[in-house]
Amino acid sequence: MMEKKEEQMDNAMRRIILFSGTTEGRLLSESLMSAGIPHTVCVATEYGEVLQKKSDMVRVEEGRKTVEDMEEMFASGVECVVDATHPFATEVTANIKAALEGKDIRYLRVLREPQDTDPEGVTLFASPEECAAACESTEGNVLFTTGSRDLAAMCERITDRSRIYVRVLPSVSSIEQCMAAGIRQEHILALQGPFSEEMNLAMIRQYDIHLLVTKESGKTGGVDEKKAACRRAGIPCFCIRRPVTEEGLSVEEAAEEIRRLVGSGRSNAPVPIMFRLIGMGMGDLVGITLEADHWIRRADVCFGAGRLLDTITCREKYPYFRAGEILEKTAELLDAGRQIREVAVLFSGDTGFYSGSESFEKGLKEKADIFAGRFTPGLQRYPGISCISALSARIGESYSDAEILSLHGRCSTRSVNEAVRRISRAGKSFVLFSSGDEVALLAGALRRAGCHAVFTVGQNLSYPDEKIITCSPEEAERISGQGLYTAMIRNPEPKGERLLPYLEDEAFLRDRVPMTKALIRHECIRMLELREGAVMYDVGGGTGSVSIEAACLSDTLSVYAFERKSEAVSLFRKNVEHFGVENITLIEGEAPEAFAGLPAPDAVFIGGSAGRLQDILSELLRFGRSMRVVITAITLETLEELLRLEGMPEVTGFRMRQISFGEAEPLGAYHVMKTENTITVTSFVLGEGNGERE
């Protein structure tokens, strides 16, 4: 049964035969695969086989075929032969047509898209031999980018072959043909394209090239990039014309024609599309990596912010950078019959450093199901050169021992306060900004915090108007304007990070609302045993001192505060705004009713229960998990109620401590101790378990 199935698939593959070895051939093969159309691909070289994508829908045959070989292939079962060979592979095309003569087999010719005629600095020749004869009359090194097929015939017409450099595919046969033509081994550049204008220019300069020779092989062959590089280098470009003018189809037209011919292909099958997230670096095109440039030029369509798209050369581009917009546009292009397999999404800077690529990747995962019937997305990231690494290189400062921060697109009171805290404790920091105004904002906050740092500010790095200055915080406060800014901030007196609660009572707005004093507040927070990512309840929030002190310890904490008195709620909000904390949710209402709909807490501080302690604890038990509870008490009645808790089966690790303290106050020429009320602090684990988070 299995053998019969394999025989059926083998016969199906023989119905469509594709002569390839080119980008167009590979794209057509991928289109047929995605449509579920079996086919055979013929390539001339082993390297062509390596580049050909593998699938159970395709069989690859490697090796050059004669007319007789082709006639044998076409003898039975073949319905369509597709010629997607190179424009200069005239012998192969002639052999295919000869083998098809007299047979009722459909022939399709896939043509490479021609480049626009651009005679500036380019001399056109009718044949390789004519071009080589012209090369002989020139001086200096010559770079042949014409492949290895006609190399021997061209080299015969050049006396001094030490002048010749050749760029060929990295295959054994190509290199062997170069050696046979008398090319020095060190002059053979075996590389796989496509090559950008910058890459061509780099090779011209590296090998002191005085003349570049190419073929009129179309946009896929990178002729436009070669011509542009020659113009920038100020050297001539010799171009060999296509041998004949042909008529044929584009890749998309050929794929549609085959789908109509076969009829049984899964034309509605999901199309595999690779989304390549590309870091564009600082902004100017000269700063992107060769890998990024390679995938941009290969992409069927590019997406990104307008300023990034303006710098690149690609097949097609749209100014979208959100995942939803990009997926919708991709589906729209597919519905219009477009051949979309490679999508480049451009992001400024580096994809792994405060990059929009993170939100895109998240959005892609969330929305992929919507487009599952149309295409299946793949994802790959490509890094860019960040402004941080560029500024570091410009000023000769390492960033391996520095704090790295970003206010770019996320500048708020909270983020500035966090930046001040981190910069104050570090000897050196690097910061990204969206504008000069943000530089001034941070500089002012650092000055007010007593951090006398030195700023080294880079503006529009990599652009022609790049500028780097060193200044004091006072001078940095006067920086303004739009553009990308990056700063290294050197702090001569780093304070080091405080590891415990540290806010003093004087830091809070007080009014007449009672407040848990610093000594008690710090001890209570310590006893809550807060961890990263914990959820904390503050029952009877008052001025907000306990909530704010806890929230300042980590951005990952989620603090929910409950207060029933409107006067206290108003003051609480003023203190939250004063400290710029964003991880506190203040709920005006009475506990425990106000707990409804909230996540289960890991830790609970009860500074005031309004006589409803038992109700509060009963409601906390309904969450069905263990939690740390800390309660403060002053009155004897509350102490009596707390002592009864020790006997509850749901309470473990019960501890009760009394804290008495006083502060010295001047009294004439003397000082006396002013004693505060004695505070009892009770702590325990409420609920099942040993107090560990679930």
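This is a predicted model: local features need pLDDT of at least 70, side-chain atom pairs count only at pLDDT 80 or more; totals for chains, interfaces and linings use all residues.

Residues are numbered from 1 along each chain as its sequence is written, and side-chain values use heavy atoms, with hydrogens and water left out.

**Salt bridges**

The structure holds 35 salt bridges, a salt bridge being a side-chain nitrogen of Lys or Arg within 4 Å of a carboxyl oxygen of Asp or Glu.

| Pair | Distance, N to O |
|---|---|
| Arg232 and Glu197 | 2.9 Å |
| Arg297 and Glu225 | 2.6 Å |
| Asp615 and Arg612 | 3.3 Å |

The side chains of Arg232 and Glu197 meet in a salt bridge. Arg232 belongs to helix H10 (residues 223-233) and Glu197 to helix H9, so this pair ties together parts that are 35 residues apart in sequence. Helices, here and below, are DSSP runs of H or I with at least four residues, and strands are runs of E with at least two, both numbered from the N terminus. Arg232 counts as partly exposed at 42% relative accessibility, and Glu197 counts as partly exposed at 22%. These classes call a residue buried under 20% relative accessible area, exposed over 50% and partly exposed in between, with a 1.4 Å probe and protein chains only.

A salt bridge also joins the side chains of Arg297 and Glu225. Because Arg297 lies in helix H12 (residues 290-298) and Glu225 in helix H10, the pair ties together parts that are 72 residues apart in sequence. Both Arg297 and Glu225 are buried. In the pair of Asp615 and Arg612, Asp615 is partly exposed, with a relative accessible area of 38%. Beyond these pairs, a network of salt bridges links Glu397, Asp401, Lys428 and Arg490.

**A patch of negative charge**

On the surface, Glu68, Asp69, Glu71 and Glu72 gather in a patch of negative charge. Such patches are made of residues with over 30% relative accessible area and no salt bridge, with like charges joined within 9 Å and nonpolar side chains (Val, Leu, Ile, Met, Phe, Trp, Tyr) within 5 Å.

**Covered residues**

Helix H20 (residues 518-528) is mostly covered, since eight of its 11 residues are buried. The buried residues are Ala518, Ile520, Arg521, His522, Cys524, Ile525, Met527 and Leu528. Among the elements that cover them are strand S22 (535-539), helix H21 (545-551), strand S25 (603-606), strand S26 (627-633), strand S27 (651-659) and strand S30 (679-686).

Val271, in strand S12 (residues 271-279), is buried, with a relative accessible area of 10%. Leaving aside neighbours within four places in sequence, Val271 is in contact, that is, with heavy atoms within 4.5 Å, with Ser34, Ile340, Arg341, Arg374, Phe375 and Thr376. The C-alpha atoms of Val271 and Lys428 are separated by 49 Å, and the two residues are 157 residues apart along the chain.

Ser415 lies in helix H17 (residues 413-425) and counts as buried at 11% relative accessibility. When neighbours within four places in sequence are left aside, Ser415 is in contact with Leu407 and Arg410.

**Backbone geometry**

Just after H20, Glu529 takes a positive phi of about 55 degrees, although Glu529 is not a glycine. The place of Glu529 is in the loop between H20 and S22. Asp208 likewise has a positive phi, near 50 degrees, in a residue other than glycine. Asp208 is found in the loop between helix H9 (197-206) and strand S10 (209-215), and is partly exposed, with a relative accessible area of 47%.

A cis peptide bond joins Ala591 and Pro592, with omega at about 10 degrees. Pro592 is found in the loop between strand S24 (584-588) and S25.

Notes:
Accessible areas come from the Shrake-Rupley method with a 1.4 Å probe; for residues, only the protein chains shown count as cover. Lys and Arg count as positive and Asp and Glu as negative; His and the chain ends are not counted. The place of a charge is taken as NZ of Lys, CZ of Arg, CG of Asp or CD of Glu.
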